[in-house]
Amino acid sequence: MPSPDASPSVSVQDLKKVFRVGGQSVEAIRGVTFEVPRGESLAIVGESGSGKTTLARILMGLERPTSGTVKLGGEDLPNGRLNGRRRRRWAERVQMVFQDCYASLDPRQTARGCVAEALAVHHKAPRSELAPRAAELLGRVGLHLDALPNSLSGGQRQRVAIARALAVAPDVLILDEAVAALDVSVQGQVLNLLADIRDETPDLTLLFITHDLAVVRQVSDRVLVMERGLVVESGTTDDILDRPTHPYTKRLRESVPDVGWKPTATTQV
Amino acid sequence: MTDLLRIEGLRIQFPGGSQMRDVVSEVSLAIAPGEAVGLVGESGSGKSMTARAVIRVLPPTARVSGEITFDGAPVLSMASKQLRAFRQKDVAMIFQDPSVHLNPIRTILDFLAEGMRLRGVTGDAARSRAKSLLSQVLIDDPDRVLDSYPHQLSGGMLQRVMIASAIDGEPRLLLADEPTTALDVTTQAEVLAIIDRLRRERGVGLLFITHDLELAAAICDRTVVMYAGRTVEEQGSMAVHRAPLHPYTAGLLVSRPHVSQKQARLQVLPGRPIAAYEAPGGCSFAPRCAHAQPACEAEVPAFRALAGGHVACRRAEELRTAGLLKEVTHAES
């Protein structure tokens with residue numbers, strides 16, 4: 001059932017995640033609350049260990065939260081293990097594109113086969129239309145050829161991963177450092193593609209997990225800054241990047257190399 | 001003044017299928033004593049291979065031609081004894097991922113002391129030397145770090161240890177291959193500052209390899225841009241940003257997002273970066289260049305002097321005069 005438009009696309013309440021590592025408890029997420037309206041692009045920034053990828057994995061249903069609630073379009077993340085029909089149902093709401101497009105595509109499946117599989121699993125097209133629909137989706141991301149991943153470049157593979165995610169027509173698309181590994185000239189192409197997709201699909205909500213504040217400026221409406229499992233600051237992209245208030249956000253902003261920038265060092269324990 | 005490092009017409013080939021394939025076709029650059037030079041390029045441009053050729057750590061199947069001289073001495077023809085002395089005393093290299101260069105079952109002290117042992121420095125002397133090295137890379141509790149194993153330290157800390165090890169032999173040339181790419185941005189700033197300070201204080205020549213033109217500008221006097229195994233532009237780092245000479249550099253500058261201003265769409269280069277062996281005849285960049293003419297595909301453009309730098313583009317003057325290579329500044333966009 002499509003949810004009413006009034007409910008936020010993503011709603012996270014007091015989310016916590018504790019991992020048990022070698023008999024010790026590690027709090028990866030220590031109480032995170034936020035909402036994302038339908039069609040908004042939210043950047044989640046923070047350094048390694050801040051909990052941003054764990055948060056994404058919980059939203060995807062790949063990790064169970066220790067406590068707290070997650071809702072997508074008003075529907076609660078089901079309790080217990082997500083498998084079979086429940087996993088498929090959740091995956092229809094949220095899709096993810098990962099940083100490492102070499103690991104996230106099946107090396108034996110062509111680009112078209114990969115997208116067709118997503119269409120078939122989620123019953124998005126009748127059998128006879130799988131191939132043409134897959135080609136159409138790949139065309140939408142600017143890929144007009146069919147090949148195995150090992151003969152595609154990094155940028156082309158990431159386009160396949162985006163086409164596969166869009167095939168499901170999700171409410172939410174999570175991009176976890178999805179352009180971080182791409183060459184500068186190719187990264188720009190993928191960022192433009194995402195801007196085109198937002199224009200064509202105004203209801204699609206984007207969660208952009210990244211450490212790159214230049215990418216944040218380019219793709220996001222709002223920003224959530226995470227540090228050690230907590231949200232330390234959030235606001236519009238312009239506020240966070242031009243008028244950061246939290247010391248950590250300020251330090252992050254000052255560390256971005258730009259023309260005329262000079263690095264500064266402190267001693268560190 | 002003699003150049004500290006001089007690379008002239010460097011070509012590196014690897015066997016691929018039935019013939020030899022270029023990974024570096026023609027690279028020329030020079031570093032003066034104490035000078036920092038950024039070597040910027042996308043993946044496959046040959047920048048890492050160039051640095052590896054300088055200390056001769058290329059895979060054994062590589063065929064290398066051209067000339068590399070260090071302080072006037074030809075590196076490519078050094079005999080093994082001479083080469084060992086060169087690597088021990090004159091040059092050091094740091095890499096993107098320090099953890100693969102550290103033995104996980106040995107402590108940091110063990111790692112740092114290994115090079116010292118070759119010079120006869122052992123025991124307490126080695127420990128105090130190692131402590132002093134760590135404080136030079138701004139580690140303020142060197143004793144704890146010395147007794148740690150690599151897995152107990154963060155990536156930024158390990159990269160500081162690698163830098164400490166690199167300066168132990170008091171080299172005159174430091175090769176840094178994307179040393180901060182794997183680090184968080186705040187840690188990156190700190191590690192860069194350490195490299196910058198060391199090279200200024202000690203007058204070490206620096207070859208800083210990166211894919212990021214801003215990083216090169218932040219710590220390098222000059223920037224050399226590579227494309228498909230060739231040097232295509234060389235200029236003062238600030239000049240590269242204000243007035244690039246090559247259409248590729250100009251294209252890179254406008255295609256990346258800026259932290260200070262959002263653009264409706266980025267002005268991207270079409271296609272993807274290519275490796276040297278995929279390059280067509282003529283100018284390798286021509287297939288992606290908005291200003292290419294049939295003549296550009298006819299022959300490889302020479303790397304020639306222009307406006308205080310060097311460029312390999314036959315239309316460079318013309319495009320500069322027409323204002324077609326100017327970066328769109330944030331205010332204008």
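Ala, Val, Leu, Ile, Met, Phe, Trp, Tyr, Cys and Pro count as nonpolar; Asp, Glu, Lys and Arg count as charged; the others, Gly among them, count as polar. With these classes, the lining of the second largest pocket divides into 13 nonpolar, five polar and six charged residues. The model is predicted.

- H3(B) gives the largest share, five residues.

**Strands of chain A**

- Strands of a sheet pair through backbone hydrogen bonds, either parallel or antiparallel.
- In chain A, four strands form an open sheet in the order E2-E1-E4-E5, and the pairing is antiparallel.
- The edge strands of this sheet are E2 (24-36) and E5 (75-76) of chain A, and each pairs on one side only.
- Strand E4 (residues 67-72) of chain A is joined to E5(A) by two bridges, and the two run antiparallel.
- Lys71(A) stands opposite Asp76(A), which belongs to E5(A).
- A parallel case also occurs: E6(A) pairs with strand E7 (residues 172-176) of chain A over four bridges.
- Val94(A) has Val172(A) in E7(A) as its bridge partner.
- Strand E6 (residues 94-97) of chain A is covered on both faces.
- On one side of E6(A), Val94(A) and Met96(A) are buried; on the other, Gln95(A) and Val97(A) are buried too.

**Aromatic rings**

- A pair of aromatic rings is described by the distance of the centres and the angle of the planes.
- Over all chains, the count of aromatic pairs comes to four.
- Tyr227(B) and Tyr248(B) form a tilted pair, with 4.5 Å centre to centre and 55° between the planes.
- Tyr227(B) lies in strand E9 (residues 222-227) of chain B and Tyr248(B) in helix H10 (residues 247-255) of chain B, so the pair ties together parts that are 21 residues apart in sequence.
- Both Tyr227(B) and Tyr248(B) are buried.
- Tyr227(B), Tyr248(B) and Phe285(B) form one aromatic cluster.

**Cysteines**

- A disulfide is a covalent bond between the sulfur atoms of two cysteines.
- The count of disulfides over all chains is zero.
- Cys283(B) is in no disulfide, and the nearest cysteine sulfur, that of Cys296(B), is 6.2 Å away.
- The cut-off for a disulfide is sulfur atoms within 2.5 Å.
- Cys283(B) counts as buried, at 12% relative accessibility.
- Cys220(B) also counts as buried, at 5% relative accessibility.

**Positive phi angles**

- Asp14(A) is not a glycine, yet its phi is positive, about 45°.
- Asp14(A) is found in strand E1 (residues 10-21) of chain A.
- Asp14(A) is partly exposed, with a relative accessible area of 42%.
- Arg56(B) is not a glycine either, and its phi is positive, about 55°.
- Arg56(B) lies in a loop of chain B, between helix H1 (47-54) and strand E4 (63-70).
- Arg56(B) is partly exposed, with a relative accessible area of 29%.

Methods: Residues numbered from 1 in each chain as written. Chains lettered and ligands numbered in written order. Predicted model: local features only at pLDDT ≥ 70, side-chain atom pairs only at ≥ 80, totals over all residues. Heavy atoms only, no water. Buried < 20%, exposed > 50% of the residue type's maximum accessible area, 1.4 Å probe, protein only. Pairing = 2+ DSSP bridges. Phe/Tyr/Trp six-rings, centres within 6.5 Å; stacked < 30°, edge-to-face > 60°.
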